[in-house]
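Welcome! Here is a short briefing to read alongside the sequence and the coordinates.

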There are 2 protein chains.
Amino acid sequence: MELFNIHVLLTLGYSIVLVHSSPVLQEDITKYKDAANRIIHHLLDGPAQNQSYNRLATFTDKFGSRIAGSEYLEHAIDYMLDTLSKEGLDNVHGENVMVPQWVRGKESATLLSPRNHKMAMLGLGSSIATPPAGITADVLVVSTFKELKQRAAEAKGKIIVYNEKFVSYGETVAYRQQGATEAAKVGAVASLIRSVTPFSINSPHTGWQDYTPGVKKIPTACITVEDAEMLHRMQKRGEKLTIRLKMNAKNNPYVKSRNTVAEITGSVYPEQVVIVSGHLDSWDVGQGAMDDGGGAFISWQVLSVIKQLNLRPKRTVRLVMWTGEEEGGFGGQAYFNAHKKNISNFNLVMESDMGVFTPYGINFKGNTAATTIMQQILNLLGSINSTTLEKVTAVGTDIGSWAKAGVPGVSLLNRNEKYFYFHHSNGDTMTVMDPKQMNLCAAVWTVVAYVVADLDSMLPRDIQPPYNEAEIQQDKRFKNSDEISRTVDEILKFVIGT
Amino acid sequence: MELFNIHVLLTLGYSIVLVHSSPVLQEDITKYKDAANRIIHHLLDGPAQNQSYNRLATFTDKFGSRIAGSEYLEHAIDYMLDTLSKEGLDNVHGENVMVPQWVRGKESATLLSPRNHKMAMLGLGSSIATPPAGITADVLVVSTFKELKQRAAEAKGKIIVYNEKFVSYGETVAYRQQGATEAAKVGAVASLIRSVTPFSINSPHTGWQDYTPGVKKIPTACITVEDAEMLHRMQKRGEKLTIRLKMNAKNNPYVKSRNTVAEITGSVYPEQVVIVSGHLDSWDVGQGAMDDGGGAFISWQVLSVIKQLNLRPKRTVRLVMWTGEEEGGFGGQAYFNAHKKNISNFNLVMESDMGVFTPYGINFKGNTAATTIMQQILNLLGSINSTTLEKVTAVGTDIGSWAKAGVPGVSLLNRNEKYFYFHHSNGDTMTVMDPKQMNLCAAVWTVVAYVVADLDSMLPRDIQPPYNEAEIQQDKRFKNSDEISRTVDEILKFVIGT
């Protein structure tokens, strides 16, 4: 039904929106073959070769890590706004977003018994501090939340160590998000999780965690896979474990940050937009090269290539480099809130936040008609083996609200099976990145965004039921919700084949 | 010629030794099929299943890292002597060895310009300290020694950073061993190497380094692959780099340590021995589970299995857990010096110090006749796919002098392509180890040692020319010599297939 040119009255809870669904299936997408090849050539062995990699190296080497609320991030945003303006892109500006300011401070976790061992650790985002002298307590190691409940009587006054197995990011990240709350419920004084990663060289992996309202807040941090396993072995031998945890973390009032926006304004329908995006903020460890410098910079590359090739499409292609993603998608949610009244003009939302390794194609959330069109566009990428379209039920954090409201959404499908080796750790640096892989990802990203923006009609989309405002507000913590977890697992299942 | 039962007068420079070469090729090695199968079954699904892994976990969890000269190592040796005695093994004792005592102390390396960045680092073994306030100097990054020589005029007063590519351990480790000396020759005040590893999660990898007599000693440390690459990119952009290096390392006088020895005394020729070995000492980071707890503990397992199965062989099987290996094979060299007068009784020397991952078979250094016999023994391991014999020109550090003098030598051939991911880093822990893989390695090790020890005759070996005492003394630094480097590369070439 969505294949025909009908105007549908779509009630969005607070406004009435017109969605244009056109006979785009009749449009000959193969006519873009030449443009697609020019884009690919320009990126793989033309003037834009390695440009996104080199830009990202310059950027991450200059600014290092860029946590929300830090001066580093704001300097990085200033630099981007200046650089995008100098490039001559359209409508370059920042859009204000209030973001959390969590500051790690000095921290340590030391095993005192059965032997002295200073553990590699990282406090989890939003954790409170310990008292200045730290918390020294005996330890209970558990493998699961279920085991914690079964052993609740032993937990009081203890530091809980979760030695949870890495099953998948989506499933296992629950221990990072809810570990402190579950430990507090049974009377623990602090909690430590095994870092959420399938592979470790004694590397702690941080991330945001959520205190549940009404449950006592206790300090929480991650330790390494290696140490979590060792503590568990020691406990199984009947040894008494004692740990001293010191954390000086601070949760300051929210501060102003900015989403970074630039465009190639559309030649025919400038008000209609295709969003290409990634987040500019990062964790405060590593350099945020993979998460998500890569995604942000291939999105920037889309605009640069379109400009360099004078390929001005009918619709606007808009770059958004999100802020405050790592704390739960603050930039993406603020942007949705500010622009949802124009949702009918949002043609396609694209976000790359799961690596820019060798691409296969895209993850797509959209209806059958849109899927058919997207597959035809991907067929233009046969020469770089990126024609795979994997349907998903949800896309990335910062575009999640749009996709949930019915706007077709895209994530980049790429060979990211080692993504969680580096994720949220000091290992997230340019060494993970590869210029050739970034060229390929930028080619996929540019061809998809450009062709969708230049089609005669907007992508078809299903009529959405009136959606619930409260439900979308909840999406502020989208990254931490089941939905995004499922998406990540769907992507990985495809890539790893497990 | 060596196939027949002849007694050959072998001059060893200082003594006359009788080497027994017997018609062992006529011996029916297939008669050991039952014994081999019993050993394999006992380790894979019998009473010794996972024993070496569990013993190693208990040991490393209890003692942690065990650098030569530390109380941790001496406590670990006491524990081993006690445990081996309680097990009822024969002739359990320590043999004194003087070893270096290098103490790391507090250390840091901070990039001050173009931006402030605290780098992960580890001082290299034997490095001197910086002055208490550290050394703050501008930086010259080079890729090779050749480039350093070409840019010698720029090096004076600088901190040299080597961003050498990882080609192979054998080739690339030269930058760790000689980096400080080469930097000092051109007037540098300190040197930093990129860690010698093919893969990194911001992990520094330490190791011994050698000052060349007559060249000024300067402080030296390793940084991560990630930081070395970043510094190089910054320099290429024309940025001025400044680093502050602080190291409080101490080179104390040599102290007494011990090789740990135990036996199953031979039933017919107790004076003739097969050595099974690995080193008990480790670096002062990680827990020395892989390097070389695994090798030492599968060697211990050989004696345990022989005892548990009442398989007393004709010759003595002797376990030696070396000390002071990481500083250059001090334990191995002291043992050779103390026992070389009995070289005619040393039938075979075996050392496992390149991982105990899934085994393929063995590396072997010996003559053609011995090789034929060893291959027949390996054929007993068909059920566990470990029948490969790879000929090498040199074997491990601690048995190198014996092999050089003509005693047949064995290293364990195993799927160790990730060995250098963890080597000499905080990632060398039990998490790298796998109980099933250790069972298999112990099976290879036990079958080979037991059968060789039980054959009617000693393994044939070539007549050695009178060897040069000075040359063998030089072997004290064997680990750092070209010869061991070549061996490592030979092993890896086979395993990785490059």
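Predicted model: local features only at pLDDT ≥ 70, side-chain atom pairs only at ≥ 80, totals over all residues.

Chain A and chain B bury about 2,400 Å² between them, and four salt bridges are counted between the two chains. Over all chains, the structure holds 36 salt bridges.

**Where chain A meets chain B**

- The contact draws on 31 residues from chain A and 31 residues from chain B.
- Of the area of about 2,400 Å² that the two chains bury, 55% lies on carbon and sulfur atoms.
- Ten residue pairs are in polar contact across the interface of chain A and chain B, both residues being at pLDDT 80 or more.
- On the side of chain A that touches chain B, helix H2 (51-63), helix H7 (225-236) and helix H12 (419-422) of chain A each supply at least two residues.
- H2(A) gives the largest share of that side, with seven residues.
- Sorted by class, the side of chain A that touches chain B has eleven nonpolar, 13 polar and seven charged residues.

**Salt bridges to look up**

- Between the chains, Asp61(A) forms a salt bridge with Arg237(B), and their closest N and O atoms are 2.9 Å apart.
- Within chain A, Glu74(A) and Arg258(A) meet through their side chains in a salt bridge, at 2.9 Å from N to O.
- This pair links distant parts of the chain, as Glu74(A) sits in helix H3 (residues 71-86) of chain A and Arg258(A) in strand E12 (residues 250-264) of chain A, 184 residues apart.

- Strand E16 (residues 359-365) and strand E17 (residues 388-391) of chain B run parallel and are joined by four bridges.

**Backbone details worth a look**

- For orientation, most residues other than glycine have a negative phi, and most peptide bonds are trans.
- The peptide bond from Ser113(A) to Pro114(A) is cis, with omega near 10 degrees.
- Pro114(A) lies in the loop between strand E4 (107-113) and strand E5 (117-119) of chain A.
- In chain B, Asp291(B) and Asp292(B) are joined by a cis peptide bond with omega of about 10 degrees, and Asp292(B) is found in helix H9 (residues 289-308) of chain B.
- Asn310(A) is not a glycine, yet has a positive phi of about 55 degrees.
- You will find Asn310(A) in the loop between helix H8 (289-308) and strand E14 (315-322) of chain A.

Technical notes: Residues numbered from 1 in each chain as written. Chains lettered and ligands numbered in written order. Heavy atoms only, no water. Contact = heavy atoms within 4.5 Å. Buried area = accessible area lost by both parts, 1.4 Å probe. Polar contact = N/O pair within 3.5 Å; in protein donor to acceptor, adjacent residues only side chain to side chain. Nonpolar A, V, L, I, M, F, W, Y, C, P; charged D, E, K, R; others polar. Pairing = 2+ DSSP bridges.
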